[in-house]
Amino acid sequence: MEAHLAQCPACRAEVARQRDALYGLAQALPAADPPPGTWERIEARRAPGAGPATPSVGRPPWWGLGLAAGVALLLAGGVASGWLFSPARTAQTDVQRWTAQGAAQRPLISRSGAAVGTLLVRPDGQALLVLGRPAPGGQVYQAWGRRASGPRAGVPVSLGLTAGATLRVTWTGYDSVGVSLEPAGGSPAPTRPLGRADVRG
Ligand SMILES: [Zn+2]
């Protein structure tokens, strides 16, 4: 960063502006004296032989860059580590939003009885499949709707597919919604069922 600043007048001007704004904040505060003996107590707590204390000890290297630049660095760190756009964080935000919109949470249950994800069911006929992670290894999640009765009872009808960790579907006309793992592009019928949830009652 310092190497860039040395040859970039625009960024130097921005840093100077931020530094002025930051120091201006401190200077705008009313002056106040510390309680008597403060500095002596700080000195006494330092390890013996460490030399005389000065107020500049402990300044981090990014100090002079200013608050906004520090925030930008933190933000860049978040993007670099993947946290800001991670599937888990996106799914969490989706669950909060759908729950606030009145969606009921139904666990997606596998044949062996394990919960493999969550189905958020909205009364307007929309539902959101929330799996723990994106589909592995170039495969996709495919959603299926089934009726409980009638001539087409139990026949899976594809509701859509995704390589991601969430999938929005329309459940109107079906009694349950299931999800399976399929090759890229999907399948005409589920080949690796993961779990399903009832959408009524
Ligand atoms: Zn620059």
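Biologist: What percentage of the 201 residues of the chain count as buried?

Modeller: Buried means under 20% relative accessible area, exposed over 50% and partly exposed in between, with a 1.4 Å probe and protein chains only; by that rule 27% of the 201 residues of the chain count as buried. This is a predicted model, in which local features need pLDDT of at least 70 and side-chain atom pairs count only at pLDDT 80 or more, while totals for chains, interfaces and linings use all residues. Residues are numbered from 1 along each chain as its sequence is written, and side-chain values use heavy atoms, with hydrogens and water left out.

Biologist: Which residues coordinate the zinc ion?

Modeller: Donors are N, O and S atoms within 2.8 Å of the metal (3.2 Å for Na, K and Ca), and because water is not among the atoms, sites may look incomplete. Here the zinc ion is coordinated by H4 through NE2 and by C8 and C11 through SG, at 2.1 to 2.3 Å, and these donors follow the spacing H-x3-C-x2-C along the chain.

Biologist: Is C8 buried or exposed?

Modeller: C8 counts as buried because its relative accessibility is 14%, whereas H4, at 38%, counts as partly exposed, and C11, at 30%, also counts as partly exposed.

Biologist: How many helices and strands are in the chain?

Modeller: Helices (H or I, at least four residues) and strands (E, at least two) are DSSP runs, numbered from the N terminus. The chain has five helices and eight strands, and from the N terminus on its elements run α-α-α-α-α-β-β-β-β-β-β-β-β.
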